[in-house]
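User: I would like to learn how to read helix packing and a ligand site. Can you take me through them one step at a time?

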Amino acid sequence: MKRSIIITGGAGFIGSHVVRLFVNKYPEYRIICLDALTYAGNLANLKDLEGKPNYKFVKMDICDFDQVYKLMKDEAVDGIIHLAAESHVDRSIKDPFTFAKTNVLGTLSLLQAAKACWEPGGWKVGDVPCRFYHISTDEVYGALEMTCPEGVEAPFTTKASSGSHHLAYGRDFFTEDMKYQPHSPYSAAKASSDHFVRAFHDTYGMPTIVTNCSNNYGPYQFPEKLIPLFINNIRHRKPLPVYGRGENVRDWLYVEDHARAIDVIFHKGKVAETYNIGGFNEWKNIDVIKLLINTVDRLLGRPEGADMDLISFVTDRAGHDLRYAIDSRKLQRELGWEPSLQFEEGIEKTVRWYLDNQEWMDNVTSGDYQKYYEQMYGRR
Ligand code: NAD
Ligand code: DAU
């Protein structure tokens with residue numbers, strides 16, 4: 001089947017992996033990457049796709065209803081995979097308005113444009129059934145208790161679960177039917193956008209799907225997030241600002257495994273359903289940081305662990321969620337998705353990528369990457 005799909009936020013971290021997967025896997029589809037190129041959007045993340053006949057980049061703000069509507073009409077769009085968002089918790093604490101605007105009003109603007117285009121055709125474009133797929137986060141569920149602070153053998157396993165360390169730090173997990181209890185302005189805005197998406201299904205019959213994923217890691221992540229920031233700091237022997245005592249737990253998934261889940265769910269997921277995405281791979285921050293130090297040191301030919309003294313405990317993040325842990329068994333059971341990469345292998349691959357792509361990192365940290373658009377597409 002031929003399809004015409006908009007992927008919003010496609011120049012960001014996860015979006016760029018999703019765009020790459022769809023462009024390469026589905027040459028018969030038209031893939032339109034729609035991105036406003038905020039500080040987090042970088043066309044260098046998609047450099048290898050330039051010139052592909054089924055790929056198009058459009059610089060656009062999702063909040064601009066008229067432009068989005070026109071693009072959807074002009075391109076006869078039948079699917080939207082919506083990743084565009086403000087995504088960093090620390091920024092949301094300083095500037096919640098921007099998060100409400102992009103994550104809530106931006107999502108509403110996309111929903112309205114899709115409704116205006118699709119509803120008159122019975123939620124079909126020609127013979128193709130429409131899909132509005134909203135990518136959300138596990139943070140909307142709030143924080144889990146840490147009832148097993150030393151860790152117990154995790155009750156479920158996936159390929160992502162670490163070999164040396166397969167622990168759970170509590171007995172409960174985020175399931176799809178859990179109550180929303182967001183704590184940060186970021187997660188409150190994402191929660192609100194999830195509610196709008198479901199409301200468009202329940203009120204107008206729009207064919208929507210929502211997924212909530214755990215922490216992603218891998219190439220092309222903006223170095224304000226823990227893993228790329230710390231890899232770069234270890235390389236340059238700069239302090240590693242660990243919030244609190246580094247006891248918070250996150251559930252890590254390799255970004256390409258998230259992209260593969262998005263592919264499966266877009267094509268086979270049931271309308272109006274929610275799917276949680278994660279690999280049962282819980283780690284305390286301090287243990288991830290020690291693994292990063294050992295890996296960077298080893299790959300740079302330094303004695304392993306030589307840079308442990310860079311660890312610097314700093315004031316905790318306000319409202320810092322203690323533990324996230326996703327139960328992804330519904331997705332595994334119903335759609336057969338499984339992560340493919342074990343955590344230590346994924347970290348090794350990720351560290352190598354950042355060390356081998358120092359130019360990408362230097363461009364991002366200096367802001368030079370934002371000139372790339374003009375070089376590629378000229379002034380607008
Ligand atoms: P990111 O910050 O790396 O990328 C966001 C992208 O959205 C950027 O390219 C940016 O330019 C674009 N964007 C921002 N505002 C826009 C606007 N108004 N109009 C058009 N484009 C705009 O984010 P990410 O980490 O890749 O996250 C992508 C999505 O996945 C987000 O919705 C996030 O909530 C969700 N998510 C992220 C994680 C994670 O661990 N990173 C986990 C689960 C869910
Ligand atoms: O759970 C999914 C979420 O994961 C996504 O929805 C968010 O978009 C994404 O940013 C991520 O949120 P976190 O807040 O968990 O990610 P971050 O990389 O900012 O932080 C990971 C953990 O590391 C968190 O407990 C805070 C801590 N941390 C982070 C930074 C940047 C530090 O200790 N020091 C730091 O400098």
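User: Which residues of H6 and H11 meet?

Analyst: Note that this is a predicted model. From H6, look at Pro-228, Asn-232 and Arg-235; they meet Gln-358, Met-361 and Thr-365 of H11. By class, this contact has two nonpolar, three polar and one charged residues.

User: How do the axes of H6 and H11 cross?

Analyst: Angles of 65 to 115 degrees count as roughly perpendicular. Here the axes of H6 (residues 226–235) and H11 (residues 358–366) come within 12 Å and cross at roughly 105°. H6 is therefore roughly perpendicular to H11.

User: Now the ligand. How many residues surround ligand 1, and which are the closest?

Analyst: Ligand 1 has 28 residues around it. The closest are Ile-14, Asp-35, Ser-87, Tyr-186 and Lys-190. By class, the shell has 14 nonpolar, 11 polar and three charged residues.

User: Which element gives the most to the shell?

Analyst: Strand E7 does, with three residues. At least two residues each come from helix H1 (13–25), E7 (131–137), helix H5 (185–204) and strand E11 (215–217).

User: What polar contacts does ligand 1 make?

Analyst: For a polar contact, look for N or O atoms within 3.5 Å. One oxygen atom of ligand 1 is 2.8 Å from a polar backbone atom of Ile-14. An oxygen atom of ligand 1 also lies 3.0 Å from a polar backbone atom of Thr-38. Asp-61 uses its side chain: a polar atom there is 2.8 Å from a nitrogen atom of ligand 1.

User: How much of ligand 1 does the protein cover?

Analyst: On its own, ligand 1 has 830 Å² of accessible area, and the protein covers 96% of that.

Methods
Residues numbered from 1 in each chain as written. Chains lettered and ligands numbered in written order. Predicted model: local features only at pLDDT ≥ 70, side-chain atom pairs only at ≥ 80, totals over all residues. Heavy atoms only, no water. Near = heavy atom within 4 Å. Polar contact = N/O pair within 3.5 Å; in protein donor to acceptor, adjacent residues only side chain to side chain. Areas by Shrake-Rupley, 256 points an atom, 1.4 Å probe, with all protein chains shown as cover. Helix = DSSP H or I, 4+ residues; strand = E, 2+ residues; numbered from the N terminus. Nonpolar A, V, L, I, M, F, W, Y, C, P; charged D, E, K, R; others polar. Axes fitted to C-alpha atoms, helices over the stretch in contact; angles between N-to-C directions. Parallel < 35°, antiparallel > 145°, perpendicular 65-115°, else oblique. Contact = heavy atoms within 4.5 Å.
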